[in-house]
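Please keep the coordinates open while going through this note.

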Amino acid sequence: MEYMTESTDRSPGHILCCECGVPISPNPANICVACLRSKVDISQGIPKQVSISFCKQCQRYFQPPGTWIQCALESRELLALCLKKIKAPLSKVRLVDAGFVWTEPHSKRLKVKLTVQKEVMNGAILQQVFVVDYVVQSQMCGDCHRVEAKDFWKAVIQVRQKTLHKKTFYYLEQLILKYGMHQNTLRIKEIHDGLDFYYSSKQHAQKMVEFLQCTVPC
């Protein structure tokens, strides 16, 4: 005599999608993922194209309301700045993942791929992946604008020599170009008995003073 034992392995039951009739595992909405996505777009309201301001002179990005910050391409700081641009609409969903999609460095485009989740029909959780395109717009920051207008400086060095010849200044000019000491200078103004060096910070001016003390006679 043989005894038939009932198998303890039970496969989960399936139901038919109420929209298309495809067999699916039971879920709170009783609808397949494809039909659910066709009915509900959880990314609705999140802009797919956003502008972001970038100053080419100082290589900084604008962070509202009035701050300019320096960020490397595809850095965590730049990603945080991009997400802040869509913070309000993004708060309506649950952000699962975010990361950059590679773009050409000179394309003036930043692409961020987002993965979000949201509770939809009858408590079903829907997950969606989409890309937000950030258009990098050139905008000169206030500091660079004042520098370009040549009406902004915080320190000035006045170099004078009471003599009829200008051999010392010719020699000084060669040394400045040789060691690149002119790079942090806003402008150099020539007057009848010397030169004036203008700087945007006292640190740059102090560095120039130390250079002059080491290279030219006082």
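1. Basis. This is a predicted model, in which local features need pLDDT of at least 70 and side-chain atom pairs count only at pLDDT 80 or more, while totals for chains, interfaces and linings use all residues. Residues are numbered from 1 along each chain as its sequence is written, and side-chain values use heavy atoms, with hydrogens and water left out.

2. Cys-55 is in no disulfide either, with the sulfur of Cys-58 as the nearest, at 3.5 Å.

3. Burial of these cysteines. Cys-32 has a relative accessible area of 10% and is buried. Cys-55 is buried too, at 0%. The classes run as follows: buried is under 20% relative accessible area, exposed is over 50%, and partly exposed lies in between (1.4 Å probe, protein chains only).

4. Salt bridges around Asp-133. The structure holds five salt bridges, each a side-chain nitrogen of Lys or Arg within 4 Å of a carboxyl oxygen of Asp or Glu. Asp-133 meets Arg-109 in one of them, at 3.6 Å from N to O. Asp-133 sits in strand E8 (residues 125–138) and Arg-109 in strand E7 (residues 109–119), so this pair ties together parts 24 residues apart in sequence. Strands (E, at least two residues) and helices (H or I, at least four) are DSSP runs, numbered from the N terminus. Asp-133 also forms a salt bridge with Lys-111, where the closest N and O atoms are 3.8 Å apart.

5. Is Asp-133 buried or exposed? Asp-133 is buried, at 14% relative accessibility. Arg-109 is partly exposed at 32%. Lys-111 is partly exposed as well, at 29%.

6. The Lys-162 bridge. Lys-162 and Asp-193 form a salt bridge with closest N and O atoms 3.0 Å apart. Lys-162 lies in the loop between strand E9 (155–160) and helix H5 (167–179), and Asp-193 in the loop between strands E10 (185–191) and E11 (194–199), so the pair ties together parts 31 residues apart in sequence. Lys-162 is exposed at 74%, whereas Asp-193 is buried at 13%. Shared partners join Arg-160, Lys-162, Asp-193 and Asp-196 into one salt-bridge network.

7. Thr-115. This residue is found in strand E7 and is buried at 10% relative accessibility. Which residues does Thr-115 touch, not counting those up to four places away in sequence? They are Arg-94, Leu-95, Val-96, Asp-97, Gln-127, Gln-128 and Val-129. Contact here means heavy atoms within 4.5 Å.

8. Strand E9. Ala-155, Ile-157 and Val-159 make up the covered face of E9, and Val-156, Gln-158 and Arg-160 the uncovered one. In a regular strand the side chains alternate between the two faces of the sheet. E9 pairs with E11 in the antiparallel sense over six bridges; pairing requires that DSSP finds at least two bridges between two strands. Ile-157, on the covered face, has Phe-197 as its bridge partner in E11.

Terms used: Disulfide = S-S within 2.5 Å.
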